[in-house]
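Hello,

Here is the structure I promised to pass on.

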Amino acid sequence: MTDPFPSPEQLGQLSAEVAKYIRNQRDKYRPGALPLSSEQRITMAAYFSPELLGNVRLVSLVDEQVENPEFFVVGLDLVDPSAFTMMAAITFSDVIVGNVPLWDDILFHELVHCEQYRQLGIQKFADTYARHYLKAGYHRVPLEEHACLLGTRFELTPNEPFSVEQEVARWIADSRY
Ligand SMILES: [Zn+2]
């Protein structure tokens with residue numbers, strides 16, 4: 001039996017599991033990961049700080065897939081974990097893991113997540129992700145909504161650069177995550 005609104009205890013348990021999964025995956029992939037290419041840095045320089053672009057690492061998975069998370073919270077029918085491995089790419093803090101080649105639109109979206117992680121920290125990122133995911137599903141997670149919104153701007157108006165750092169800071173200040 002599932003309560004449609006998770007208890008604070010269930011939510012706390014889930015965000016702890018999510019944060020642990022993110023940290024483990026980040027630590028697993030970071031050592032073998034590569035920096036952005038100089039072409040990628042040039043393309044993204046109009047939107048992201050040089051510090052962020054210098055610190056992020058990329059992994060392209062060829063014959064393997066991202067490990068399925070095992071989130072288990074008593075009383076909650078959760079999150080179809082395969083949803084994670086079906087995604088084109090997934091970002092663990094400062095490491096982007098691609099199941100497909102990281103074309104610019106995918107890379108941009110994931111770099112927005114890197115900036116969100118940088119400003120929120122892994123625990124807060126996991127908290128807000130878990131809370132909204134449970135209430136409304138993947139497409140209503142504001143962290144995703146914002147990355148999609150900015151991604152659309154990046155694709156549709158390539159001659160109007162903007163600062164993702166400022167955009168993320170604004171959403172945090174307005175409590176939109
Ligand atoms: Zn995303």
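A word on terms before the strands: two strands count as paired if DSSP finds at least two bridges between them. Helices (H or I, at least four residues) and strands (E, at least two) are DSSP runs, numbered from the N terminus. Please keep in mind that this is a predicted model, where local features need pLDDT of at least 70, side-chain atom pairs count only at pLDDT 80 or more, and totals for chains, interfaces and linings use all residues. Residues are numbered from 1 along each chain as its sequence is written, and side-chain values use heavy atoms, with hydrogens and water left out.

Strand β3 (residues 89-92) is joined to β4 by 4 bridges, and the two run antiparallel. T91 has I96 of β4 as its bridge partner. β3 and β4 make a hairpin with 2 residues between them, and S93 in that turn has a positive phi of about 65°. Strand β2 (residues 57-60) also has 4 bridges to β4, but these two run parallel; here R57 sits opposite V95.

What about the faces of β4 (residues 95-98)? Both are covered, with V95 and V97 buried on one side and I96 and G98 on the other (buried means under 20% relative accessible area, exposed over 50%, partly exposed in between; 1.4 Å probe, protein chains only).

Now to helix α8 (residues 164-173), where V164, E167, V168 and W171 are buried. Seen down the axis of α8, these buried residues fall within an arc of 95° (taken from the directions from the helix axis to the C-beta atoms), so they line one face of the helix. They pack against α5 (104-120) and α7 (142-156), with contact meaning heavy atoms within 4.5 Å. Q166 and A173, on the other side of α8, are exposed.

Best wishes
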